[in-house]
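Let's walk through a structure together, one feature at a time. Ask whatever you like as we go.

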Amino acid sequence: MNEYRITQESLQAFVAALVADGLTVLAEAADGSGYARLAADDRVAIDPSRAPSRLSMKEHFFPKSEALFEYRREDGGFVLVDRLPEVRPTVILGARPCDAASIGILSKVFNWDYRDEFFNRRVDATIVIGMLCAYRDEHCFCTSVGGAPDSIAGSDLFLVPLNDGALGMRVVSDDGERFVTAYAHLFEWGAPGDPLQVDEALTLPSVRFDAEKVRGWIEGHFDDPYWSAASETCLGCARCAFACPVCHCFDIVDEDRTYGSGERMRNWDACQFGMFTKHASGHNPRAARAQRYRQRISHKFAYYPSRFGEVLCTGCGRCTRGCPVGIDIGAIAVEIGGMAS
Amino acid sequence: MNADVVDTGVVRAGVESAGDDNAGTGAAGAPWEPKVVAFVCNWCTYTGADLAGTSRLKQQPNARLIRVPCTGRIDPLFIIKAFESGADGVLVSGCHPADCHYGTGNYHARRRWTLFRSLLEFTGIDATRLHFSWVSASEGRKWVDVVDGVIDEARRQGPFERYHALARPEAMIDD
Amino acid sequence: MTESATNDIRAAARRLLADGTVSVVIGYGDAGPNRTVPIFARTAAQADRLVVSHSALNNLTVYLTRALRPVGGRIAIVAKGCDVRALVMLMSESQIAREDVYVIGVACAGVTTSMGQPMSAETVAAKCRDCIVRTPPLYDELVGVQCEPPATSDVLDRRIAEIEAMSAHERFDYWAAELELCTRCYACRQVCPLCYCTQCIVDRSVPQWIETSASPRANLSWNLTRAFHLAGRCVGCNECERACPAGIPLSLLNRQLAATALREFGYVPGIDPAAPALVGSYDLADREEYIR
Amino acid sequence: MKLGVFICHCGENIGRTVDCPAVAAACATIPGVDVAVDYKYMCSDPGQNLLINAIREHALDGVVVGSCSPHMHERTFRRACANAGLNPFMFEMANLREHCSWIHDRGPIPTAKAADLVRIAVEKVRRNDALIPIRVPVTKRALVIGAGIAGIQAALDIAGAGYEVVLVEKEPSIGGHMSQLSETFPTLDCSQCILTPRMVEVYQHPNIRLMSYSEVEKVDGYVGNFSVTIRRKARGVRAELCTGCGDCVQKCPIKKKATSEFDEGLAMRPAMYVPFPQAVPNIPVIDRAVCTYYRNGKCKACEKACGRGAIDFEQQDEMVTEEVGAIVVATGYRLYKVDGSSGYDGYGEYGYGRYPDVIDGLQFERIASASGPTGGEIERPSDHTVPKKIVFIQCVGSRDESKGISYCSKICCMYTAKHAMLYRHKVHDGEAYVFYMDIRSGGKGYDEFVRRAIEEDHVHYVRGRVSRIWQRDGKYIVRGEDTLAGVPVEVEADMVVLATAMIPQATAPRLAQTIGVPYDAHGFLVEAHPKLRPVESSTAGVFMAGACNSPRDIPESVAMASAAAAKTLVLFGSDVLEREPTVAHVDESTCAGCFRCQSVCAYSAISRKEIRNRDGSLRATVAYVNDGLCQGCGTCSATCPSKSVELVGFTGEQIYGEIHAMA
């Protein structure tokens with residue numbers, strides 16, 4: 001199939017054009033913090049072998065805090081004012097496959113028993129330009145959860161580095177097709193160049209565990225002592241959940257902004273917090289760290305797959321890279337897989 | 001007391017008693033007036049302010065006093081919340097050293113303040129916004145000087161927009 | 001830190017477990033090149049996983065706080081000088097009794113900023129560059145080669161000076177920008193040995209002094225409060241900064257307060273368990289020129 | 001929650017400046033406010049009735065009155081709320097007068113501000129808790145420290161009212177300095193004649209538990225509930241067996257080893273002794289410093305002499321604890337020692353301590369006393385001859401910062417006149433000279449007394465200071481000056497009596513610290529208010545009487561003692577003390593037990609409390625507030641990082657509400 005050929009110059013021009021057209025362009029920031037907004041004149045660097053940023057691109061679709069509506073006290077009662085997000089058309093440039101995959105996984109829960117306007121509006125307004133990933137470290141395990149460094153899942157367009165330093169951009173969705181035509185004039189169209197001949201870039205990381213086996217074991221071992229052992233050093237800081245591209249728990253609170261008016265907020269939350277399941281009565285069904293840790297692993301590898309047919313994990317390894325006490329979720333899955341067979 | 005202050009008052013009367021937002025800038029068209037929150041101890045400063053009252057010492061009307069038993073009771077959270085609530089200036093005042101009704105409350109408070117204001121200073125909330133004083137029950141005149149001073153300083157600085165802007169909805173938009 | 005130190009630790013751990021002095025040794029386990037993870041050694045075999053290295057980043061004393069303590073009774077812990085300072089604070093704040101902890105002190109030549117880094121002049125953690133406790137202020141036994149404290153190269157202090165040199169408005173904007181990134185995951189709190197409150201003020205909802213939204217204003221309130229609650233207590237282990245997914249320079253806030261404590265009150269926390277708390281004591285002569 | 005807002009015009013005081021009806025109208029829009037009205041005088045009876053009726057009619061849960069300062073009328077309105085059946089703590093005041101109408105010019109601004117102030121108060125009262133005053137039980141027993149005339153009087157008055165008194169005296173006998181005096185001014189009646197019956201009364205009183213030769217070691221607790229530890233020093237004689245026959249004293253071979261404290265060193269006493277014949281209790285004490293047995297294990301003459309076997313050489317000091325509700329301190333005074341031994345520079349030039357016949361006032365009392373070493377004959381200590389010329393010097397130590405003390409000892413003018421008079425009565429051909437700075441004889445019959453000394457007993461009063469005293473062939477040359485005549489004078493005296501200053505007991509400061517009451521630079525206890533609370537200390541339940549507070553004469557000491565007794569009886573008038581319930585409270589479920597609250601508490605009101613599981617194992621150690629001790633400053637609450645200790649009445653929630661009302 002044919003593809004667009006993008007040079008560094010045309011890439012710059014592309015971004016400039018997008019910004020000029022009022023689009024928001026997000027790409028992984030050079031400082032490794034996360035996906036940040038590009039300005040027209042920012043130097044754009046697509047580096048397939050760069051390590052994943054600390055935070056995923058989840059925040060663009062599901063902000064760490066957002067107002068659901070405003071309330072205002074008026075003559076004895078309350079007036080509610082909708083606060084649907086003002087969403088600008090957005091392009092995510094160079095999303096790595098383990099991030100792009102998150103959109104599909106999250107969409108399942110955000111469109112399950114209730115269709116979440118806030119999430120969907122943002123997804124609908126976003127074009128994802130994926131990127132073949134050439135990064136590997138001991139924490140990556142996308143191939144063990146149905147992903148791959150060259151997976152196009154979740155992408156509308158997909159970048160592949162070419163051996164002459166240019167990029168090939170493949171069209172992989174109708175949205176992508178429609179979108180790219182407006183900018184086609186910036187690129188060369190034609191036969192594919194030679195894809196980057198770097199073994200490392202194309203050899204898939206080996207599959208480390210069988211997610212099905214993991215699920216099987218978890219479902220039969222709710223009270224297994226393993227959970228206490230595995231979580232012994234966990235501090236319950238939930239950095240893993242906040243960095244995770246698919247963790248999606250949230251808390252809803254009303255916050256007065258002034259005397260008599262305020263907003264109902266939806267804020268990120270995490271099952272690793274003691275408060276997460278604490279009842280008003282004071283009772284807490286997950287009072288112990290081990291219970292909370294079990295919940296995290298079980299939700300990702302058993303509950304979510306059972307309900308939505310997808311593992312709640314893209315194998316990006318962010319949780320492990322960021323864990324202050326070095327807890328390795330991949331290793332844990334491997335361990336569980338081992339116990340299963 | 002100048003005329004436009006009076007005008008503001010009209011608006012503030014209408015607006016505030018209806019309990020509307022008037023963080024920082026005054027409501028439509030009215031010249032802005034600073035909002036000052038004062039945390040004062042019951043035994044010295046509050047009584048000093050009472051004395052200023054019984055002595056009919058005129059003061060600017062921008063301060064709102066919150067009475068606590070002792071400066072020792074004043075938590076830095078109060079000060080943060082006051083700024084969050086739209087204060088352009090905050091005053092904390094109690095008994096002179098050795099005069100504390102409870103003996104040592106103001107000594108403990110003083111130590112807390114020294115650390116807290118250093119932190120605020122470092123984060124850009126400086127002495128033009130946060131003030132401390134000792135005003136005894138007999139210092140009605142000093143009270144007037146202090147509170148008018150704090151209000152004048154807030155007026156000189158203008159609305160604490162930087163802080164109040166942090167709470168504006170636009171600050172919450174995800175990109 | 002050396003082979004021998006690692007051997008000493010393993011020997012000590014085996015001995016303590018064997019003679020029943022302790023039921024568990026909390027230490028650093030080998031996790032590959034330039035990596036360690038906290039481990040709880042209960043058997044001789046586990047004890048042989050213990051290491052000491054320039055990658056011993058964690059402040060393990062967090063595991064001595066009530067919520068995380070693995071067992072009652074006496075616990076052995078491997079602790080660098082900065083970690084022991086935290087332990088001293090825990091003792092002075094009645095969180096753990098001296099007799100309930102067996103301190104295997106590590107004479108420390110410094111650690112790296114993050115896991116996976118080899119030790120070099122560039123990668124050495126900022127806190128180590130002007131460490132005052134290369135030999136821990138308190139221990140039951142000491143391993144590692146005692147080394148001279150480094151010539152203080154005030155990296156952090158210089159950064160603080162730069163910020164202090166800004167105008168108030170610049171300072172405010174600088175911090176507003178940094179703190180806007182805060183995700184409110186509270187990892188900074190969870191890794192801090194001195195954030196042991198049963199219920200953190202931010203988790204108290206009546207009243208909700210600090211909003212839980214990750215809004216710029218609430219983030220400022222949270223971070224000011226976190227820093228202030230550590231005033232005169234923070235020992236500068238910088239675990240909070242290492243754990244922060246948003247990369248906020250929390251060490252600057254902590255260290256600026258520590259500098260104030262030293263300048264105003266000549267106070268250095270975590271050296272003497274019997275020293276009165278900075279916020280909790282007073283001196284008639286405390287300075288007050290800023291009070292009208 | 002149904003709230004009521006009442007705006008007071010205070011006549012014109014508020015109404016002139018603030019549009020009260022407009023404020024009421026504005027407040028009516030605040031959620032939860034059911035009633036919002038204005039009235040001319042809320043504090044008047046009709047005003048209070050308006051409040052009471054509204055509370056009843058609308059079944060209000062909380063009330064805000066916008067009027068004057070809470071310092072003015074908070075109590076008034078709380079009472080009104082209570083009368084209406086509303087918990088008095090469900091009330092808040094907005095200060096619309098001192099903090100608004102009186103400090104602003106008429107116009108919309110004060111009106112707007114008034115609305116703010118009321119709204120702030122509404123947001124507080126909304127978060128108030130119905131509080132019940134703390135009731136502390138009162139132990140209706142009193143401790144009186146010191147059994148001089150002041151302590152005796154206080155003890156008798158309290159005991160007379162039917163309450164038990166523990167009377168502690170550090171000396172072997174009660175009576176104090178008054179028992180040493182010969183006669184008393186201005187009536188010249190014999191001191192012991194009026195004192196001894198009182199001493200006996202104390203001894204025999206069923207309600208008085210006398211602990212002589214004992215000292216207060218420790219005081220715990222608080223008003224109504226003190227726990228006092230007393231050291232009962234070992235006499236070496238078992239009081240319960242001793243009959244006071246005195247055989248042991250007679251048989252004691254160590255007759256003249258120790259100087260008699262009672263006789264101010266002018267006489268000797270045995271090792272086994274009773275301070276003076278009329279001592280109460282009449283039980284001897286062994287002076288272990290001089291007793292042969294204690295020095296080299298031999299003698300035991302007293303033991304052999306005692307028919308009752310009351311002698312007990314092994315006896316040890318005993319610690320006893322007494323529970324009392326009030327404490328009266330009456331530890332009295334001592335005399336400034338001219339030789340500097342009492343910590344002052346002294347008057348070396350007067351030769352006190354070097355010249356045997358230069359003595360102080362108390363020593364002269366003993367010489368003049370019928371029960372004294374000379375049987376009342378005026379004799380020189382040195383050669384027992386009758387002095388023909390005595391010089392009395394006033395203000396020795398007093399009123400002279402450079403030499404000692406700034407204050408006037410107050411009684412010296414009177415007792416010097418008395419001394420001179422007594423001398424003239426006993427030695428008709430003797431001459432008495434008095435050097436004085438001023439004569440201070442305020443008091444009933446006092447000035448007449450001094451005049452009598454001058455006019456009838458022909459005492460020579462010389463206004464001036466004495467610069468020096470030296471000996472010349474058996475005489476004492478007193479050089480001073482007569483500032484009225486403006487000439488130097490030299491008197492050739494046989495004896496010199498120094499009216500030395502009155503100072504507190506050396507042990508006074510330590511005792512004050514033990515009890516926890518303030519004392520001044522001299523060591524005198526400080527009264528709570530110099531005019532309105534002269535016998536109360538700033539520590540509730542601790543009172544003072546006599547010279548421990550400042551120089552006093554006998555009538556004043558007795559008056560103070562009765563006043564202190566009256567204060568004690570007021571305290572005992574109720575079974576429980578009611579205290580403001582605005583004290584700190586600990587949330588034990590969240591307290592992490594760091595105890596920084598304990599370190600900031602000025603009242604030692606916070607202690608450690610162990611929380612145990614059902615199986616008895618320790619779950620946590622948390623802070624505990626003793627609401628009998630807590631004074632409600634709230635410093636603990638501000639110190640607690642997790643807000644696990646809250647000050648009731650000024651909780652975080654209430655203050656949050658007040659601040660938020662301004663947002």
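**Reading helices, strands and a chain contact**

Q: Which are the buried residues of helix H4 (residues 117-124) of chain A?
A: They are Phe119(A), Arg122(A) and Val123(A). Buried here means 20 or more other C-beta atoms within 10 Å of the residue's own, with 12 or fewer for exposed, partly exposed in between, and C-beta atoms placed from the backbone. Helices (H or I, at least four residues) and strands (E, at least two) are DSSP runs, numbered from the N terminus. Bear in mind that this is a predicted model: local features need pLDDT of at least 70, side-chain atom pairs count only at pLDDT 80 or more, and totals for chains, interfaces and linings use all residues. Residues are numbered from 1 along each chain as its sequence is written, while chains are lettered from A and ligands numbered from 1 in the order in which they are written.

Q: What do the buried residues of H4(A) pack against?
A: Helix H2 (58-61), helix H3 (97-110) and strand S7 (126-131) of chain A. Contact means C-beta atoms, placed from the backbone, within 7 Å.

Q: How do I read strand pairing, say for strand S1 (residues 25-30) of chain C?
A: Strands of a sheet pair through backbone hydrogen bonds, either parallel or antiparallel. Pairing here takes at least two DSSP bridges between the strands. S1(C) is antiparallel to strand S2 (residues 36-41) of chain C, over six bridges, and Ile26(C) sits opposite Phe40(C). Five residues lie between the strands of this hairpin, where Gly32(C) has a positive phi near 95°. S1(C) also runs parallel to strand S3 (residues 75-80) of chain C, joined by two bridges; there Ile26(C) has Ile77(C) as its bridge partner.

Q: What is the strand order in the open sheet of chain D?
A: The five strands go S10-S7-S6-S18-S29, with parallel pairing. Strand S10 (208-211) and strand S29 (542-544) are the edges, each pairing on one side only.

Q: How many residues of chain D are in contact with chain B?
A: 39 residues of chain D, meeting 44 of chain B. H5(D) gives the most to chain D's side, with nine residues.

Notes
Contact = placed C-beta atoms within 7 Å.
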